[in-house]
Structures are given as C-alpha cells and as structure tokens.
Amino acid sequence: MSVDMPSPLLGGRLPHLLYGGDYNPEQWPEEVWAEDVVLMREAGVNLVCVGIFSWARLEPTPGTFEFGWLDRVLDLLHGGGMSVALATATASPPPWMAHRHPESLPQLADGTRLWQGGRQQYCPSSPVYREHAVRLVEALARRYGDHPAVVAWHAGNEYGCHVPACWCDVSAAAFRNWLRARYQTLEELNRSWGTDFWSQRYGDWEEVIPPRTAPTYPNPGQQLDFRRFCSDALLECLTAERDVLHRLTPELPVTTNLMGPYEHLDYWRWAEELDFCSHDSYPDPADPGSYVDAAMAQDLIRSLRGGDPWLLMEQTPGRVNWRRRNVAKRPGMMRRWSYQALARGADGTLFFQWRASRAGAEKFHSAMVPHGPLDRSRTWDEVRQLGSELSGLDAVIGTRVEATAAILVDWPSWWALELPSKPSGDVRLLEQIGDWYRALHRCGVTVDFVRAGADLSRYALVVVPNLYMVERETATRLESFVEGGGTLAVGFFSGIVDGFDQIHLGGYPAPLRRLLGVMVEDFRPLAEGEQVGLRFGDGPVAATGSLWSEIVHADGADVLATYAEGELAGLPAITRRGGAYYVSTRLDEGGLLGMVLALCERAGVRGPLPVPPEVEAVVRSGEGRRILFLLNHGGAETPVAVGEGAEVLIGTPADGETITLEPGGVSVIRLT
C-alpha cells in the first residue's frame, strides 16, 4: 500500500507506524548487539528506545562520561535501519549520587528515608539531582543531537511511578517557595487554608511544612496544595530536561511515558509541555473486563493533547513481573490489544522490552525476544506477525479518532475529593469514571476526555461522573454547553467546594444549582453492602443505588426517578432540567446502562456500527480517509455489516457487505 502521510509524532521522519520497544544493550555483551539488529529487522522493528536506565554506565563517576559504548550501539542500529528515541537516562540516579549526597534521597511523610537499590531514588526538588540530571542531558544532546539514528528524545521514565511525593527538608523549602509564588502573602495563605481552624494560623513562612504524619487529619488546604506542588515539582524536572533538548536539538521532539489515569500527576498540565504523548499500558490478562479499562486509559492519553496521535511506548508481549500472580496474555491477545491502541489514536506500539533481562528485578517480565529458543516461542511468532502487519497500515498514520461524547476529569478535584474526613471515604473518582465509561463503551460510543473549563461545543454529550471542586469558569462552560443544546449528566457530590477546598455556601451544589435545578439538603452515604431501590415514575423498583444517596429537592428540575424506600422514600434520586441530568447515587450496572442509553438517544450519540458489547468498533479519519477498527474480545465468531466497497486491510476478506470476526479477531477496514 502506498504511503498516505508520515507520522506526525516524529516530524515526518518515519513513513510507517512505529514498532519496537525498550532496548537495553548495556545489559548484554557486545556480541549480542549484532544479533539484536538482525532480529529487529526480522520482527519489522523500526524504532527502539535506548538508554532509559543507563546513567551509571554513561557517568560512572560524577562528571566523567563514557559514551563509547553508546556510540557503537547507535551506529549499529542506524546501520541496520533502526531509528532511536534516545532516553535522557535520568530516571534512576547511579549509586554515587546517594553515597555522596544522601540529602538527594526522598523521604516519606513519617520521616522514612528511601534508599538506593531500586529506582527513582531521588527527591524531585533536590537541586543536587536536578543539577546532575541537566548536566547529563546536555552532554547527551551535544553528542547525539545530530546522530542520524536519533529521531526523538525520551525524557526520564514513568515520572512519579514510585516516588510521586517527598516530605524531606529540601522539599519543605521548595514547597514554601511554591506557596509564596501562589499566595504572595502569608495572610492570603492563612485565609485560603482556613488556618483559624484548630489554631493552625501561621506567623512566619518558616513555620509552614509539608503535610507530614500528624496526630490526626492535616489541614485539607495544605494537603491539596501539596498535591499540586508535588505534580509541579516533578514537572519541573521534565521541563528542565526538555528546555535543554529544545535549545540544543530544536528539530527533535521530546516525550515521556505517561501512565493513563494516574492520580498523582496532573496530566492535563504535563501534556502541554510535551511534543507528543506516550503511554504505558498494562491491563491484567486475568481480568476479562480489563480491555475496557485499557480503552479508557488510551482515550484519556489521546485526549490530553486534543486528539493528536500518540505513542504506546510500553506494553508486555506476555506477562509482567509485579503482580501477585502474573498471568500471561492468551494467544492473540497481544495482537488484539496492540490494535486497540491504534484504534484509539496511537501511531505506534512499542514493548517493554526488546530482549528479556537475565538479571535484575524484571528478569521474569516477558519481552519481544524471550529467554528460550525463538523457534519454539509463540511470543516471537506473534511479535513477527504484528510487525509484518503494521508495515502495511500506512493509511492509518495521522488520522484522528471520531468522538462526539466526552467525560470530564479534573486532577485537583480528584485530589480534593479523596482527602480524608469526608462523608464517605469510599467515594473514589476513578471508580465513578469507570462506571460511566464502561456503560458508554457497552453502548459502542467512543469517548474523549476533557478538562474542567474546556470548550465543550464539539460534543453532543458530556458526562461529569464527579466534580467535587468547581470553579466559576467551569460552571459557566457547563451552562453554555447545555444552553447550546448539549446533553449533560452530573454525578453525585459535585459542586461542593472551591479551588481552596472551602465549601460553596448557599446550598449544595451552589455553583451548579441553577444549571441542574436542584438543591441538595444533605448527604446520606450508604453503609457497606447497603443498597437502595429506585423507582421511575409510578413503576416498580427498576434500579438500585449503592455507596451514596442524598436528600435532594427539585428546584426547577423534573424528577425522573425517586428513592423507593427508607428515609428518602419518595425524594428525587435522578432529575433533569432541560438537557442537564443529575444522578444522586451510584447506579447499579443495569440502571446506569439504561441511563446512558437514554442520554445517547437524546443527544443523538451512537457508535459507528451496531455491534455486540464484546466487539469494539472505532473509526479514525482524516485527509479523505476513514479507517474502521473492529476488535472481537469475545469467544464467538461474529458477523459485522460494514457496507459496500469496504477495503479490508487486516482480517478476513468481506463477503459482500459483511465481514466475519473470528473469536479474538481483528479487522482493519478502509471505508469508502
């Protein structure tokens, strides 16, 4: 097939979908390197990430660099036709840093010091770590910025995966500086944190510390700002490296591997600082529904930069090493899940890692090249098959996913929601998002994610599973969306506090009351295992709620469902005012599915094709192309009507207007 357009991820340097993985040649003798390149060519690899954990090799003593081995690796890869995303190697400092500078090590809230011997053993605010990291990055950029193999930079690795926060004295000083910049005066900090409660009022900046282990709940404003600070501190590590790379190699894009809906880092802000987003995806093969969770994470990653193509930087060909029981992917699962990422906007799929390690903590993490003989390896056969198939899918490159529904997610609201001392500590944002996403996925609807305050005009349906913290701009945007004809669904315990985690007075949910047409008098969290029935109109109990309920008064809204029993019997449970719906409990799976079906019907939102729930149908389009991905996660052969003139790129050829998906099968179809 002819090339439609080069991948925008790498500035047009590669004309095919990206395929490969993390390559760690420093773990192997040089005689293995040549064999690796031969095997890469056999597997269809065109991109490898090199040097992610090589700092100790590159800089064995402070200020002494040894690049000879990396020179030979890059030359060998280039000679074999491979391109390289060169890592900055700053994800794991060498032992000499901890030995010479123990103050650079991170510390927990209870004072426990985290030592070397694992990885990510650095305080994000440490000037020692940052100085050495930037010096290494500058040396790499000057030496390899014009190497013909290098097409991108991979900064750090999985920022915050093991150390999302540090409570040491170095971090405390940095936190105070961050607070000074945010609040300017101590009086404003005291007001924003409500420090007159529990005699917490500060009289000197030096009195302010991170929320370390305390006799009882630390100040919520302090905790919330510390979460903001920690995300920013790690982001500063990234941007310090990126700025060096942009200055010295402005033509090379910079990325880092994000981790889906990762709680600790505000990925909306992080994505703004990247040239393209990358993602690590490790759904559990033992969980039959994990492919839906993977789809949700991929939709989020795609959405972080407004639908731009992204890169699946890590997945496993078979199994991981870090779960209690590391179940391997079944035959065909790796291929199907790889196509799922492509369907949801990726322009490439890589693995951790190329060759399975012989030593170290991840030696039982599977790889593209396993420990045993290749001629007896199902994994190797599947790796080669996928590489061969992807080489013929140039038509996919640069297209964008079609979505008319969105879910709103806001990290600071997430942090504030899950701070302690709430009516229920079991209200978890990711669970609420997952409930709504799974219902939309079951309806075949492709979903974008949007941030608080975003322009929503391109969507017909927007779901807000929970937005505990609401600013005025966000409320205004939601109102404008509904006034413009959009359909909105808002979940319980939303609109409760402002950006400082202080209650919006005037009745819950004060900033959303006019929009939703309700007033919540009070909350009634449900006991563990407790359920409450819901009745629609005068009919029988048709759904149940769990986890949460509320005393809701309709104040301009129509009542769609009421609580059927107990203290709240007869009171509103689900309401609608115009296009704005409010759900005051956690609906059971069937009840939420019915709700979502009704919302989609009202909004005119539907999937690209009618398919059974276990089949994903996603369309990517652009430049006159529409590419349909069909993924059968079920165990039965499934016919799907795709219309006349469809060109099957991958999968069973069409029989008239119908293609047949084999169990666990994949089809990629160019639509007319």
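Asp299, Arg302, Arg344, Asp448, Arg458 and Glu616 are joined in a network of salt bridges, a salt bridge being a side-chain nitrogen of Lys or Arg within 4 Å of a carboxyl oxygen of Asp or Glu. The model is predicted: local features need pLDDT of at least 70 and side-chain atom pairs count only at pLDDT 80 or more, while totals for chains, interfaces and linings use all residues. Residues are numbered from 1 along each chain as its sequence is written, and side-chain values use heavy atoms, with hydrogens and water left out.

Arginine 344 lies in the loop between H11 and strand E9 (346-351), and glutamate 616 in strand E23 (residues 615-622), so the pair ties together parts that are 272 residues apart in sequence. Helices (H or I, at least four residues) and strands (E, at least two) are DSSP runs, numbered from the N terminus. Arginine 344 is buried, with a relative accessible area of 3%, and glutamate 616 is buried at 2%; buried denotes under 20% relative accessible area, exposed over 50% and partly exposed in between (1.4 Å probe, protein chains only).

Over the whole structure, the search finds 47 salt bridges. In one of them, the side chains of glutamate 389 and arginine 335 meet at 3.0 Å, N to O. Glutamate 389 belongs to helix H12 (residues 378-390) and arginine 335 to helix H11 (residues 333-343), so this pair ties together parts that are 54 residues apart in sequence. Glutamate 389 counts as buried at 15% relative accessibility, as does arginine 335 at 14%.

Glutamate 206 forms a salt bridge with arginine 176, with 3.6 Å between the closest N and O atoms. Since glutamate 206 lies in the loop between helix H7 (186-193) and helix H8 (220-248) and arginine 176 in helix H6 (residues 169-183), the pair ties together parts that are 30 residues apart in sequence. Arginine 176 counts as buried, at 10% relative accessibility.

Helix H17 (residues 589-603) has 15 residues and, at 1.5 Å a residue, should span 21 Å, which agrees with the 21 Å between its end C-alpha atoms; the expected span is 1.5 Å times one less than the number of residues. Its N-terminal end is capped by aspartate 588, a side-chain oxygen of which lies 3.1 Å from the backbone nitrogen of glycine 590. Buried residues of H17 include Gly591, Leu592, Leu593, Met595, Val596, Leu599, Cys600 and Ala603. Just after H17, glycine 604 adopts a positive phi of about 70 degrees.

Terms used. Polar contact = N/O pair within 3.5 Å; in protein donor to acceptor, adjacent residues only side chain to side chain.
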